[in-house]
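User: I have a chain open here and want to talk through its fold. Can you take me through it?

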Amino acid sequence: MASMARDLLAEHTLDSTLEQITRSAVELVDGCDAAGILVLQNGRVSSLAPSEQLVTDSDHLQGRLGEGPCFDAARPDRSERVFRITDFTREPQRWPLFVPRCRELGVGSMMGFLLYTREEELGALNMYSRKPGMFTEDSETAGWLLASHAAVAFSTALTDAQLQEAISTRHLIGEAMGILMGRHRITEDHAFDILRTQSQRTNTKLREVARRVCETGTADK
């Protein structure tokens with residue numbers, strides 16, 4: 001687990017960090033055949049770094065039904081942070097729509113862990129087994145430890161990615177302003193006003209307006 005934590009912090013991109021998280025889940029948690037990260041934004045489900053198609057199918061199923069252990073773990077209005085379905089062949093005590101349909105995907109048991117830090121909630125780490133009864137209390141403890149390390153690495157990688165995007169956006173806008181200033185012989189403030197006005201008029205992100213100026217030399221569509 002300590003080696004995994006070091007490996008996570010050594011990753012250089014958000015995607016590689018998430019892939020290392022799910023790969024570590026399969027390698028380190030007894031009974032785990034597949035893993036992935038479910039992110040819930042505005043009621044819509046995204047499946048990140050799934051180790052195989054089973055994970056994506058389950059995530060999308062939870063999204064369509066609006067229920068499931070990982071779906072609930074990813075919801076900010078729920079206080080529970082760990083969910084476990086020990087045996088999909090039994091009559092479900094919770095999630096009566098999800099359990100029988102997920103069983104048809106070949107899932108025997110699963111767990112979900114909320115990925116969170118003190119500042120933010122990031123989603124849920126899903127772990128799947130094709131056999132019933134594979135996840136024990138020890139498995140849950142190992143999964144929770146992994147999820148705790150993973151949340152910190154996820155948050156750090158996300159912050160780095162957002163910073164790099166912000167720097168890239170600033171550079172793009174500056175380049176577009178330079179093009180407009182040179183072409184129309186206007187001031188820096190006037191050039192930025194043109195970009196901002198076009199962004200508002202067309203309901204387009206300022207970054208995309210700037211990209212178009214860099215590609216075509218004009219802010220007009």
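Analyst: We can start with the overall layout and then go to single elements and residues.

User: Is this from an experiment or a prediction, and what is the secondary structure of the chain?

Analyst: This is a predicted model. The chain has 8 helices and 5 strands.

User: What pattern does the chain follow along the sequence?

Analyst: Read along the sequence, the order is α-α-β-β-α-α-β-α-β-β-α-α-α.

User: How much of the chain counts as buried?

Analyst: Of its 221 residues, 43% are buried. The accessible surface is about 12,200 Å², and carbon and sulfur atoms supply 47% of that. Taking contacts with a separation of 6 or more, 57% are between residues 24 or more positions apart.

User: What does β1 pair with, parallel or antiparallel?

Analyst: β1 pairs with strand β2, residues 44–48, in an antiparallel arrangement with 5 bridges. Gln-41 has Arg-44 as its bridge partner, and Ile-37 stands opposite Leu-48.

User: And the turn in that hairpin, how many residues is it?

Analyst: There are 2 residues between β1 and β2. Asn-42 in that turn has a positive phi, about 55 degrees.

User: Which residues of α2 are buried?

Analyst: The buried residues of α2 are Ser-16, Thr-17, Leu-18, Gln-20, Ile-21, Thr-22, Ser-24 and Ala-25.

User: What's the general rule for which way helix residues point?

Analyst: An α-helix has 3.6 residues a turn, so residues three or four places apart point the same way.

User: OK, Ser-58. Where is it, and is it buried or exposed?

Analyst: Ser-58 lies in helix α3, residues 53–65. Its relative accessible area is 0%, and because the cut-off for buried is under 20%, Ser-58 counts as buried.

User: What is Ser-58 in contact with, leaving aside its neighbours in sequence?

Analyst: Setting aside neighbours within four places in sequence, Ser-58 is in contact with Phe-98, Cys-102, Leu-105 and Tyr-128.

User: Speaking of cysteines, how many disulfides are there?

Analyst: The structure holds 0 disulfides.

User: What about Thr-202? Which helix is it in, and what does its side chain reach?

Analyst: Thr-202 is in helix α7, residues 188–202. Its side chain reaches the backbone oxygen of Gln-198 at 2.7 Å. Thr-202 counts as buried because its relative accessibility is 18%, with the cut-off for buried at under 20%.

User: Last one: Glu-137. Where is it, and is it buried or exposed?

Analyst: Glu-137 is in helix α6, which covers residues 137–184. At 62% relative accessibility, Glu-137 is exposed.

Note on methods
Residues are numbered from 1 along each chain as its sequence is written. This is a predicted model: local features need pLDDT of at least 70, side-chain atom pairs count only at pLDDT 80 or more; totals for chains, interfaces and linings use all residues. Side-chain values use heavy atoms; hydrogens and water are left out. Helices (H or I, at least four residues) and strands (E, at least two) are DSSP runs, numbered from the N terminus. Buried means under 20% relative accessible area, exposed over 50%, partly exposed in between (1.4 Å probe, protein chains only). Contact means heavy atoms within 4.5 Å. Accessible areas come from the Shrake-Rupley method with a 1.4 Å probe; for residues, only the protein chains shown count as cover. Two strands pair if DSSP finds at least two bridges between them. A polar contact is a pair of N or O atoms within 3.5 Å; within protein, one must be able to donate a hydrogen and the other to accept it, and residues adjacent in sequence count only if both atoms are side-chain atoms. A disulfide is a pair of cysteine sulfur atoms within 2.5 Å.
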